[in-house]
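Welcome! Take a moment to look over the model below, and then we will walk through it piece by piece.

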Amino acid sequence: MALKDGGIVILDYGSQTAQLIARRVRELGVFAALIPYSATLEQAQAAAPQFRGIILSGGPASVYEPDAPDLPDWVLDSGVPVLGICYGMQLLTQRLGGRVAGAAQREYGMATISVREAGGLFDGLERAQTVWMSHGDRIERPPEGFVALAATDNAPYAAMADLRRRLWGVQFHPEVQHTAHGQAMLRNFVVGVCGASTDWTPENFIEATIAAIRAQVGTGRVLLGMSGGVDSSVAGELIHRAVGEQLVPVFVNHGMLRQGEAEQVIALGQRLGWKNLVAVDATEEFLEALAGVTEPEEKRQIIGRTFAAVFEREAARVGPLDWLAQGTIYPDVIESAGTGRPGARRIKSHHNVGGLPERLRDRLVEPLRDLFKDEVRQVGARLGIPDEIIWRQPFPGPGLGVRCVGEVTWERLEILRAADHIFLSELAAAGLLREGTAQAFAVLLPVRSVGVMGDNRTYDEVIVLRAVTTSDFMTADWARLDPDLLARVSNRIVNEVKGVNRVLYDITSKPPATIEWE
Ligand code: XMP
């Protein structure tokens with residue numbers, strides 16, 4: 001049986017937590033594919049071969065609105081168990097002849113349900129359960145054949161089922177942490193009710209992926225753009241384990257990396273035994289191209305263009321090459337399918353492979369296409385990728401180039417690098433790089449201010465510290481860092497970094513600001 005067989009299909013009705021349902025199911029060792037609600041049976045089968053169950057996600061619509069997203073016929077025809085969550089439950093109700101209406105009282109937040117029917121979804125759980133509700137509509141009358149399994153004061157059908165047809169519904173969200181035993185409920189459904197296969201483990205993934213890469217690339221050589229981030233490192237090591245020296249990783253140092261980063265990438269390659277790692281120091285080429293440029297978009301374009309030129313030149317030098325490896329991960333795949341471009345292959349812009357040989361664009365090796373970020377990390381840990389890389393925060397392709405506001409010169413980059421390193425090491429020492437901040441960095445401003453050091457007047461540039469919390473990087477809040485930590489960082493920067501006499505902390509959320517300064 002192939003690794004992805006016997007899993008769960010999740011139909012996406014637009015809930016913020018749809019991806020989370022997939023991640024939770026996968027944490028149970030069960031493969032789950034998230035597909036648009038409009039997908040066909042063939043698409044569902046392609047995404048999750050021989051699926052054993054279907055979950056309908058929540059969503060923002062009301063089932064009785066004119067253009068509300070509907071339930072494809074194949075869902076009920078497929079004969080496998082179905083679990084509707086929130087909107088999904090209301091959709092089942094409406095389709096099967098029950099009644100859904102706006103509740104007199106909307107329910108948002110924690111609620112306690114009383115379980116009337118133990119077993120099934122609630123197998124092994126106590127009668128009173130804390131759950132997370134978020135709904136305005138509720139089930140007024142369930143369809144025929146359904147019984148109430150649990151209720152709150154405000155929702156007589158907080159959970160219900162038609163046990164004969166194996167159709168289940170919950171008004172609350174089992175996938176969120178606030179539902180205390182939500183994971184147990186999901187296990188009861190996917191393993192207990194559906195009998196889904198629990199083979200989706202990092203070990204099995206590694207074994208199956210290595211075999212798949214071998215079958216795909218044959219004796220061809222595989223080009224990999226190495227950024228030093230977790231995705232390209234894990235993808236690289238999977239390919240290396242599969243085809244050894246057929247892997248050609250190319251790492252371009254554009255001179256705008258953080259302190260120690262270039263050395264770290266090279267050390268990783270050596271540690272993993274990547275014999276063909278090509279490491280190019282193109283710092284001068286980039287700085288020459290950027291000389292005198294201060295406009296952010298222009299900087300980005302120059303960096304992108306130069307990167308493409310250097311990368312292509314180096315690839316040509318080691319050629320001929322047959323395949324291009326990319327660190328595309330599952331959220332990218334979901335995103336491109338969800339925007340009406342099913343199967344569209346988007347090249348991740350931050351992988352900076354803009355200037356690749358045309359003929360490699362359709363010869364992609366994407367070993368992480370099925371993984372969420374947390375799964376990439378688990379696989380990476382099993383492959384012996386060091387923690388600093390596995391837990392590295394996202395770093396933009398143009399690197400410090402977009403954090404050096406104003407002109408990018410070697411001297412200014414060195415000031416920024418030193419300040420950034422102090423900030424990041426203090427955050428690491430406080431345990432705030434893995435949790436507590438999603439992204440943290442320093443920015444150098446082309447603004448001088450007056451200061452006094454000893455008996456001397458100084459007139460130096462300004463460092464801004466930026467630290468944000470976010471899960472999707474689309475919106476972000478500034479991290480409420482401990483003032484003592486900020487004081488320590490500020491003190492160290494002005495004392496240890498020549499050329500800086502003032503440190504600011506950025507307290508702007510996104511929107512209206514962006515995370516980066518340029
Ligand atoms: P903003 O600044 O738009 O950033 O709030 C959101 C996330 O995207 C990263 N970012 C980039 N990544 N190339 C990249 O690869 C870029 O040009 C770029 N600009 C922003 C940023 O670091 C943050 O994680």
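## A parallel sheet

Strand β11 (residues 247–253) and β12 pair in the parallel sense over 4 bridges. Here, strands (E, at least two residues) and helices (H or I, at least four) are DSSP runs, numbered from the N terminus, and two strands pair if DSSP finds at least two bridges between them.

These two strands belong to an open sheet of 5 strands with parallel pairing, in the order β12-β11-β10-β13-β14. At its edges are β12 (278–281) and β14 (364–365), each pairing on one side only.

## About the model

This is a predicted model, in which local features need pLDDT of at least 70 and side-chain atom pairs count only at pLDDT 80 or more, while totals for chains, interfaces and linings use all residues. Residues are numbered from 1 along each chain as its sequence is written, and side-chain values use heavy atoms, with hydrogens and water left out.

## The whole chain

The chain has 15 helices and 18 strands. Its C-alpha atoms fill a box of roughly 80 × 60 × 40 Å, taken along the principal axes.

How does the radius of gyration fit a compact globule of 518 residues? Such a globule would have a value near 24 Å, and the chain has 26 Å, which agrees. The radius is taken over C-alpha atoms, and the globule rule is 2.2 Å times the number of residues to the power 0.38.

## A mixed sheet

Another open sheet has 9 strands with mixed pairing, in the order β2-β1-β3-β4-β9-β8-β7-β5-β6. The edge strands are β2 (32–36) and β6 (128–141), and each pairs on one side only. From one strand to the next, the twist averages 20°. For such angles, axes are lines fitted to C-alpha atoms (for helices, over the stretch in contact), and angles run from 0 to 180 degrees between N-to-C directions.

Inside this sheet, β8 (residues 159–162) and β9 (residues 167–170) pair in the antiparallel sense over 4 bridges. Ala 161 has Trp 168 in β9 as its bridge partner. In the loop between β8 and β9 you can find Arg 166, whose phi is near 60°, a positive value in a residue other than glycine.

## Two helices side by side

Two packed helices are described by the angle between their axes and the distance between the axes. The axes of α14 (residues 410–429) and α15 (residues 483–496) come within 9 Å and cross at roughly 150°. That makes α14 roughly antiparallel to α15, since angles over 145 degrees count as roughly antiparallel, under 35 as roughly parallel, 65 to 115 as roughly perpendicular and the rest as oblique.

Which residues of α14 and α15 make the contact (heavy atoms within 4.5 Å)? They are Ala 419, Ile 422, Phe 423, Glu 426 and Leu 427 of α14, and Leu 485, Arg 488, Val 489, Arg 492, Ile 493 and Glu 496 of α15.

## Two cis bonds

Most residues other than glycine have a negative phi, and most peptide bonds are trans. In this chain, a cis peptide bond joins Lys 510 and Pro 511, with omega about -15°. The peptide bond from Pro 511 to Pro 512 is cis as well, with omega near 10°. Pro 511 is found in the segment after β18 (500–505), and Pro 512 also has its place in the segment after β18.

Definitions and conventions. Contact means heavy atoms within 4.5 Å.
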